[in-house]
Amino acid sequence: MTGMQDPGLCPDSPPRTLRSPGRTPTNRLPRAEAAHPARPAVPGAGNGLLEGLFPDVSVVERFTDPPDVHLYPQEAEIVARAVDKRRREFATVRLCARTALAGLGIAPGPILRGTRGAPVWPEGIVGSMTHCDGYRAAAVARNTAVASVGIDAEPHAPLPPGVEKLVALPEERRTLDRLSTSHPAVAWDRLLFSAKESTYKTWFPLTGQWLDFQDCVIVPDPEDGTFNCSLNVPGPVVGGRRIDRFTGHWRTATRDGAAYVATAIVVPVPHRSAAAPYRPADGD
C-alpha cells in the first residue's frame with residue numbers, strides 16, 4: 001500500500017485511511033505482494049499516471065529519487081530517525097509538491113504534518129501526496145476552484161492473500177470477480193484498495209473524520225478509466241450541498257519494468273448559482 005502517512009508509508013496524508021471496526025488498521029500490506037509479477041499496463045496508457053488528468057490541478061510525478069533533495073529544517077526533523085528509504089520518499093514527494101505549487105505561482109516553503117498526519121498546505125491551497133516503491137506524486141490546486149483532492153498510487157499487482165476480505169464489501173467482491181474475468185489485465189483488487197485510499201484523502205480534509213472500509217462502495221468502469229464511490233455515511237457539505245458520492249479516475253503505467261496503478265478524486269467548488277441550500281436531515 002502507499003499513500004497513508006505512517007512510518008514506512010507515505011508520511012503525507014492522514015495515517016491509516018479506511019478502517020474496519022475492531023481490526024488493527026492495515027496501514028502496511030504484507031510484503032507478500034513482492035511474489036506477484038507486475039501486471040501489464042492498460043493498453044493506451046502513457047508513461048505517466050496522473051499528470052494532466054484534471055483541469056485546475058497541478059500534478060507532478062517522479063519515478064526516481066534525485067540525490068540531495070533539499071528539506072527545510074522542520075521537515076528534516078520529522079524524518080531525522082527514519083530509515084534511508086523513508087527519508088528519500090519523504091524528500092522526493094515534497095520536491096514533487098513544491099514543484100506542483102510552483103506551477104500555481106506559490107513560493108517554496110516547508111510542507112509539514114498537521115492533524116492525523118495530513119499535509120499542511122499554504123493558505124488557499126488544497127492538495128494530496130502519495131508514494132509507493134518507485135513512484136512519488138503530488139497534486140495541488142487553489143481552493144477557489146477545487147474543494148478537495150485525493151491521490152494514491154500502488155504497485156500494479158494483486159493484493160496479498162486475505163487483504164481483499166478486509167477492504168471490499170460483498171457487492172464489491174462480486175464486481176471484482178466480474179471484472180477479473182472480463183478484463184484480466186487489471187489487478188482490480190489493488191485498484192479498489194487504491195480508490196478507497198484516494199477516497200479517504202479526499203474525505204478527510206472536508207470532514208476531519210475517519211472513514212471505514214465499509215463506509216464507501218467503489219464501482220470501477222473498465223472502459224473509460226473512471227470509478228464511482230458511493231458513501232454509506234452522510235457525506236461532506238461543499239458549497240451548501242451534501243455530497244453522497246465521488247467520481248474518480250484510475251490509470252496504470254509501466255516504467256522500467258515496474259507496473260503501477262494510481263487513482264485520483266477531485267471535488268470541484270460548485271458554482272455559486274448551482275449550489276442549493278443544505279437542509280439537515282433528521283439525525284445529522
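Two strands pair if DSSP finds at least two bridges between them; strands (E, at least two residues) and helices (H or I, at least four) are DSSP runs, numbered from the N terminus. The views below show a predicted model, in which local features need pLDDT of at least 70 and side-chain atom pairs count only at pLDDT 80 or more, while totals for chains, interfaces and linings use all residues. Residues are numbered from 1 along each chain as its sequence is written, and side-chain values use heavy atoms, with hydrogens and water left out.

View 1. Strands β7 and β8 run antiparallel and are joined by 6 bridges. Pro220 faces Phe227 of β8. Between the two strands lie 4 residues, and in this hairpin Gly225 has a positive phi near 70 degrees. On to the next partner: β8 is also antiparallel to β11, with 5 bridges, and Ser230 has Arg245 of β11 as its bridge partner.

**View 2. Leu231 and the largest nonpolar core.** Such a core is a set of buried Ala, Val, Leu, Ile, Met, Phe, Trp, Tyr and Cys residues joined through side-chain atoms within 4.5 Å. The largest one holds 31 residues, with Val167, Trp188, Leu231, Phe246 and Val267 making the most contacts inside it. Elements supplying at least two residues each include α3 (163–167), β8 (226–231) and β12 (258–268), and α5 gives the most, 8 residues. Beyond four places in sequence, Leu231 contacts (heavy atoms within 4.5 Å) Trp203, Pro236, Ile243 and Phe246, among others.

**View 3. Helix α2 and its cover.** Helix α2 (residues 84–102) has 19 residues and reaches 27 Å from first C-alpha to last, close to the 27 Å expected, a span taken as 1.5 Å times one less than the number of residues. Its buried residues (under 20% relative accessible area; exposed is over 50%, partly exposed in between; 1.4 Å probe, protein chains only) include Phe90, Arg94 and Arg98. Their cover includes β2 (58–62), α1, β3 (125–132) and β4 (135–142).

**View 4. Glu75 in helix α1.** Which residues does Glu75 touch beyond four places in sequence? They are Phe90, Arg94, Arg98, Gly109, Pro110, Ile111 and Leu112. Glu75 sits in α1 (residues 73–78) and is buried, at a relative accessible area of 0%.

View 5. The chain averages a pLDDT (the predictor's confidence in each residue, from 0 to 100) of 84, and 79% of residues score at least 70. Residues 1–11 stay under 50, and residues 13–46 are below 50 too.
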